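Here is a set of exercises to work through with the model open beside you. Try each task before you read its solution.

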Amino acid sequence: MKIKWGVIGCGGIADRRTLPGMMLANNAELVAVMDANKEAAERCKEKYQAKYAFDSIEELLALDEIQAVYIASPVFCHKEQAFAAAKAKKDILIEKPVGLTAAEAEEIAAFCEAQGVKLGVGFMMRFHAYHQEIKKLVQSGQIGEVVSARAQFTCWYPKIENSWRQDKTLSGGGAMMDMGVHCIDLIRYITGLEVVETAGMCGNQIFEYSVEDAGSVMMRLENGAIAYVDSNFNIPDDAAKCKLEFYGTKGSIFAQGTLAQAEGGTVEVLCADDSVGYDANQNRKEIQPLDIQVEFGNMYTKEIEQFGEAVLGNRDIPITAVDAIASQKVVESAYAGNQSKTYQVL
Ligand SMILES: NC(=O)c1ccc[n+]([C@@H]2O[C@H](COP(=O)([O-])OP(=O)(O)OC[C@H]3O[C@@H](n4cnc5c(N)ncnc54)[C@H](O)[C@@H]3O)[C@@H](O)[C@H]2O)c1
């Protein structure tokens with residue numbers, strides 16, 4: 001059985017990744033596309049063979065045949081559009097961040113629950129084959145007790161006139177809210193550990209817009225491990241490796257190039273002997289990395305298929321608003337960290 005989809009916002013991510021991914025999904029049928037810019041909607045209608053293109057959300061939501069909507073509009077539009085879709089009894093897959101603030105995201109989640117519609121969030125990086133494999137390795141104890149994790153996700157993002165993403169009132173935040181949040185989500189997802197305490201700093205060093213061009217946050221996880229995420233809008237794309245690292249009492253995992261919009265990258269897993277005593281010489285032996293084999297797919301196809309299965313009642317919602325809000329609160333704590341030395345999340 002196929003879920004009939006309506007897409008709200010036909011810009012960057014929808015046209016570049018999610019709609020192509022939807023075309024490959026085995027349980028999805030695109031019915032209608034909507035964008036405030038009618039030309040963008042018409043272009044996607046032609047390109048992805050939708051039946052309808054609209055520039056008003058009401059027209060799209062009036063179609064009874066649509067069961068689920070994918071909201072990929074700028075963040076400042078999310079609340080109004082999610083409320084309208086929920087009132088129209090459509091299940092909703094919404095892009096991150098769910099709302100301009102965690103509080104707004106909570107309002108959206110509560111409204112969807114009251115209307116009895118499902119709400120899923122587009123943290124598609126969870127579906128990357130390597131991230132799924134890393135999660136299995138960590139959860140099976142391959143690297144022992146997790147003691148540390150680090151992730152960096154950056155891009156080069158100079159000032160652009162009228163960019164909603166560079167205006168805090170329209171986006172909710174900058175490098176950390178837009179990119180760092182993926183790292184926070186992955187660390188929570190892969191370790192299965194909640195963040196209990198944070199300390200963060202954000203600011204503008206190179207670009208003068210109202211969102212931060214760089215930020216970082218340290219997080220204490222519930223088992224005591226300390227994790228670190230940093231995100232920048234001021235490092236050239238080719239100069240950043242976007243690494244994701246996990247360290248435990250029995251080994252480590254280094255992923256490079258997996259924090260991206262297409263599946264790829266490399267992963268190195270090193271397992272060490274934790275029964276040896278202290279070596280004052282700190283002589284380090286070469287370890288042969290584990291052989292990790294995965295089959296790459298399309299993260300957006302998996303995102304659409306798995307949310308579709310949740311709509312059909314065949315599985316739980318893959319990434320819930322509760323999950324997304326927890327990560328957004330960590331970002332907000334990093335913003336608050338600019339004013340206070342430490343900040344308790346939980
Ligand atoms: N998960 C990911 O891989 C990923 C990547 C990029 C962006 N995103 C998220 O997707 C969302 C959109 O980001 P983007 O980069 O595609 O933005 P974008 O600016 O490239 O595209 C947004 C589109 O929405 C349209 N739009 C503006 N106002 C609208 C309205 N009121 N109703 C309908 N459409 C409207 C614009 O015309 C534009 O076509 C954001 O939440 C962003 O954080 C997710």
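**Exercise 1. Work out what share of the chain's contacts with a separation of 6 or more joins residues 24 or more positions apart.**

Solution. Start with the rule: two residues are in contact if their C-beta atoms, placed from the backbone, lie within 7 Å. Among the contacts with a separation of 6 or more, 69% link residues 24 or more positions apart. Before going on, note that this is a predicted model, in which local features need pLDDT of at least 70 and side-chain atom pairs count only at pLDDT 80 or more, while totals for chains, interfaces and linings use all residues. Residues are numbered from 1 along each chain as its sequence is written.

**Exercise 2. Compare the radius of gyration of the chain with that of a compact globule of 346 residues.**

Solution. The radius is taken over C-alpha atoms, and the globule rule is 2.2 Å times the number of residues to the power 0.38. For 346 residues the rule gives a value near 20 Å, and the chain agrees with its 21 Å. Next, look at the box filled by the C-alpha atoms: along the principal axes it is roughly 70 × 45 × 40 Å. Finally, count burial, where a residue is buried if 20 or more other C-beta atoms lie within 10 Å of its own, exposed if 12 or fewer, and partly exposed in between, with C-beta atoms placed from the backbone. Buried residues make up 49% of the chain.

**Exercise 3. Divide the chain into domains and describe the side of domain 1 that touches domain 2.**

Solution. The bounds come from an automatic or database domain assignment: domain 1 covers 3-121, and domain 2 covers 125-298 + 327-336. Their centres, taken over C-alpha atoms, are 28 Å apart. The contact uses 12 residues of domain 1 and 11 residues of domain 2. On the domain 1 side, at least two residues each come from α1 (12-23), α4 (75-87) and α5 (102-115). These labels follow DSSP runs numbered from the N terminus, helices being H or I of at least four residues and strands E of at least two. By class, this side of domain 1 has 8 nonpolar, 2 polar and 2 charged residues. Here Ala, Val, Leu, Ile, Met, Phe, Trp, Tyr, Cys and Pro count as nonpolar, Asp, Glu, Lys and Arg as charged, and the others, Gly among them, as polar.

**Exercise 4. Find the residues that surround the ligand, and the elements that supply them.**

Solution. A residue is near a molecule if its C-beta atom, placed from the backbone, lies within 6 Å of it. The ligand has 23 residues around it, and G9, G11, G12, A36 and E95 are the closest. Two or more residues come from each of α1 and α4, and α1 gives the largest share, 3 residues. The shell holds 12 nonpolar, 7 polar and 4 charged residues.

**Exercise 5. Locate K89, Q282 and P97 and describe their backbone.**

Solution. Recall first that most residues other than glycine have a negative phi, and most peptide bonds are trans.

- K89, in the loop between α4 and β5, has a positive phi near 65°. K89 is partly exposed because it has 13 C-beta neighbours inside 10 Å.
- Q282, in the loop between β13 and α9 (299-311), has a positive phi near 55°. Q282 is exposed because it has 6 C-beta neighbours inside 10 Å.
- P97 sits in the loop between β5 and α5, and the peptide bond from K96 to P97 is cis, with omega near -20°.
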